Amino acid sequence: MTRRILALVCCGVVAAAALALAAPAAAQCRNGDRAVERKLTLGPAPSETLVTQRIAACVRHEYRIQLRAGQRLEVTLTTPSGQADMLSILAPSGDRPADGENTWSGEVRESGTYTIEVGTDKATRYTLKVAVR
């Protein structure tokens, strides 16, 4: 009887440890993504470019782009895995016109450096299309 109880307790501890280790990567990465700056080459507006990259878990790729108030920015992010909510855009003032999207388009309100962020909680490949009109 004592062996059976000990075996059940031991199995319960192992199962709890396995569940803790299997927690989603999202919980492990929250606010801890490592920023990696990537190059984005665009000609004078109107212009567009396509970037294909592989990204590791808990990493955030950052693309910087100079824009003038009134220009139209169009950003589309696709992944073969269909992962969603990976795209954010940071305006020069710190506002986020997009946060957790896969597509965004609109007229930018301020001039300066915008940061396009691609972040993920699991490794994947992505294609980023950026157009300035």
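A nonpolar core is understood here as a set of buried Ala, Val, Leu, Ile, Met, Phe, Trp, Tyr and Cys residues joined through side-chain atoms within 4.5 Å, where buried means under 20% relative accessible area, exposed over 50%, and partly exposed in between (1.4 Å probe, protein chains only). The structure is a predicted model, in which local features need pLDDT of at least 70 and side-chain atom pairs count only at pLDDT 80 or more, while totals for chains, interfaces and linings use all residues. Residues are numbered from 1 along each chain as its sequence is written, and side-chain values use heavy atoms, with hydrogens and water left out.

The largest nonpolar core has 25 residues, of which Leu 73, Ile 116 and Leu 128 touch the most other members. Two or more residues of this core come from each of β2, β3 (59-67), β4, β5, β8 and β9; strands such as these (E, at least two residues) and helices (H or I, at least four) are DSSP runs, numbered from the N terminus. In soluble globular proteins, nonpolar side chains tend to be buried together. Contact means heavy atoms within 4.5 Å. Apart from neighbours within four places in sequence, the contacts of Leu 73 include Leu 67, Ile 89, Trp 104, Val 108 and Val 130.

Next come the strands. Five of them make up an open sheet with mixed pairing, in the order β1-β3-β8-β5-β6; two strands pair if DSSP finds at least two bridges between them. Because β1 (34-38) and β6 stand at the edges with a single partner strand each, one side of each is left without a neighbour in the sheet. On average, neighbouring strands of this sheet are turned by 25° against each other, direction ignored (axes are lines fitted to C-alpha atoms, for helices over the stretch in contact, and angles run from 0 to 180 degrees between N-to-C directions). Nine bridges join β3 and β8, which pair in the antiparallel sense. Opposite Tyr 114 in β8 stands Ile 65.

Eight salt bridges are found in a search of the whole structure, each being a side-chain nitrogen of Lys or Arg within 4 Å of a carboxyl oxygen of Asp or Glu. Arg 96 and Glu 117 meet in one of them, at 2.9 Å from N to O. Since Arg 96 lies in the loop between β5 (87-90) and β6 (98-101) and Glu 117 in strand β8 (residues 112-120), the pair ties together parts that are 21 residues apart in sequence. Glu 117 is buried at 9% relative accessible area, whereas Arg 96 is partly exposed at 39%. Another salt bridge joins Glu 62 and Arg 64, with the closest N and O atoms 3.1 Å apart; Glu 62 is buried at 9%, and Arg 64 is partly exposed at 36%.

A salt bridge also forms between Glu 74 and Arg 133 (3.6 Å, N to O). Glu 74 is in strand β4 (residues 72-78) and Arg 133 in the segment after β9 (124-132), so this pair connects parts 59 residues apart in sequence. Both residues belong to a network of salt bridges that links Glu 48, Arg 72, Glu 74, Lys 129 and Arg 133.

Arg 133 is also among the residues touched by Ser 47, together with Leu 42, Val 130, Ala 131 and Val 132, not counting residues up to four places away in sequence. Ser 47 is found in strand β2 (residues 47-55) and is buried, at 13% relative accessibility.
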